[in-house]
Amino acid sequence: MLTESKVHRCADTTPGAWDAFINAMHSGEVFECDEEMFFYWLGVLPPVWMGRYVHWPDPDNVYRVITVRATFGFAEGIEPITAFWQSEGRYFGRRTSQLNHS
């Protein structure tokens with residue numbers, strides 16, 4: 001998955017930091033965020049779902065699928081759901097291809 005990556009931090013007040021995070025969140029690639037950012041998205045709206053497995057093709061191996069157990073899925077209106085999960089004390093997310101219909 002990710003070994004070295006930019007960690008998007010909720011408290012980062014650098015100009016453009018929030019836009020960079022939103023772009024990473026909407027990119028369809030795995031992104032890393034800090035604990036505060038993770039819980040921000042958990043609390044900003046009720047989760048679309050909680051505790052689901054999400055799958056996507058491994059970009060490095062066409063015969064492999066990456067699977068993670070997402071803690072929650074976030075979406076605002078009818079848009080693709082972004083899955084958030086924790087692994088080894090780190091926090092990650094990735095936009096899925098699943099649309100929120102609620």
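What share of the 102 residues in the chain do buried residues make up? Buried residues make up 37% of them. Buried means under 20% relative accessible area, exposed means over 50%, and partly exposed lies in between (1.4 Å probe, protein chains only).

## Basis of the model

This is a predicted model: local features need pLDDT of at least 70, side-chain atom pairs count only at pLDDT 80 or more, and totals for chains, interfaces and linings use all residues. Residues are numbered from 1 along each chain as its sequence is written, and side-chain values use heavy atoms, with hydrogens and water left out.

## Overall form

The chain has 2 helices and 6 strands. Helices (H or I, at least four residues) and strands (E, at least two) are DSSP runs, numbered from the N terminus. Along the sequence the pattern reads β-α-β-α-β-β-β-β.

The C-alpha trace spans about 40 × 35 × 25 Å along its principal axes. The radius of gyration is 13 Å, which agrees with the value near 13 Å for a compact globule of 102 residues. That radius is taken over C-alpha atoms, and the globule rule is 2.2 Å times the number of residues to the power 0.38. The accessible surface comes to about 6,400 Å², and 51% of it belongs to carbon and sulfur atoms. Accessible areas come from the Shrake-Rupley method with a 1.4 Å probe; for residues, only the protein chains shown count as cover.

Among contacts between residues at least 6 apart in sequence, 48% join residues at least 24 apart. Contact means heavy atoms within 4.5 Å.

## The sheet

An open sheet holds 6 strands in the order S1-S2-S6-S5-S4-S3, with mixed pairing. Two strands pair if DSSP finds at least two bridges between them. The edge strands are S1 and S3 (49-57), and each pairs on one side only. Strands of a sheet pair through backbone hydrogen bonds, either parallel or antiparallel.

S1 and S2 pair in the parallel sense over 2 bridges. Valine 7 stands opposite glutamate 32 in S2. Histidine 8 lies in S1 (residues 7-8). Histidine 8 counts as buried because its relative accessibility is 8%. Beyond its neighbours within four places in sequence, histidine 8 is in contact with residues including Phe21, Phe31, Cys33 and Met37.

## Aromatic rings

The whole structure has 15 aromatic pairs. Phenylalanine 31 and phenylalanine 84 form an edge-to-face pair, 5.6 Å centre to centre with 75° between the planes. This pair links distant parts of the chain: phenylalanine 31 is in S2 (residues 31-33), phenylalanine 84 is in S5 (residues 80-87), and they are 53 residues apart. Both residues are buried. Rings of Phe, Tyr and Trp (its six-membered ring) pair if their centres lie within 6.5 Å; planes under 30 degrees apart count as stacked, over 60 as edge-to-face and the rest as tilted.

Ring pairs build a cluster whose members include Trp18, Phe31, Phe38, Phe39, Trp41, Phe84 and Tyr91. Phenylalanine 38 counts as buried because its relative accessibility is 1%. Phenylalanine 39 has 41%, so it counts as partly exposed.

Arginine 69 lies over the face of tyrosine 53, at 5.4 Å from the ring centre. A charge sits over a ring if NZ of Lys or CZ of Arg is within 6 Å of the ring centre and within 35 degrees of the ring normal.

## A positive phi

Glutamate 88 is found in the loop between S5 and S6 (90-99). Its phi is near 50°, a positive value in a residue other than glycine. Most residues other than glycine have a negative phi. Glutamate 88 is exposed, with a relative accessible area of 80%.
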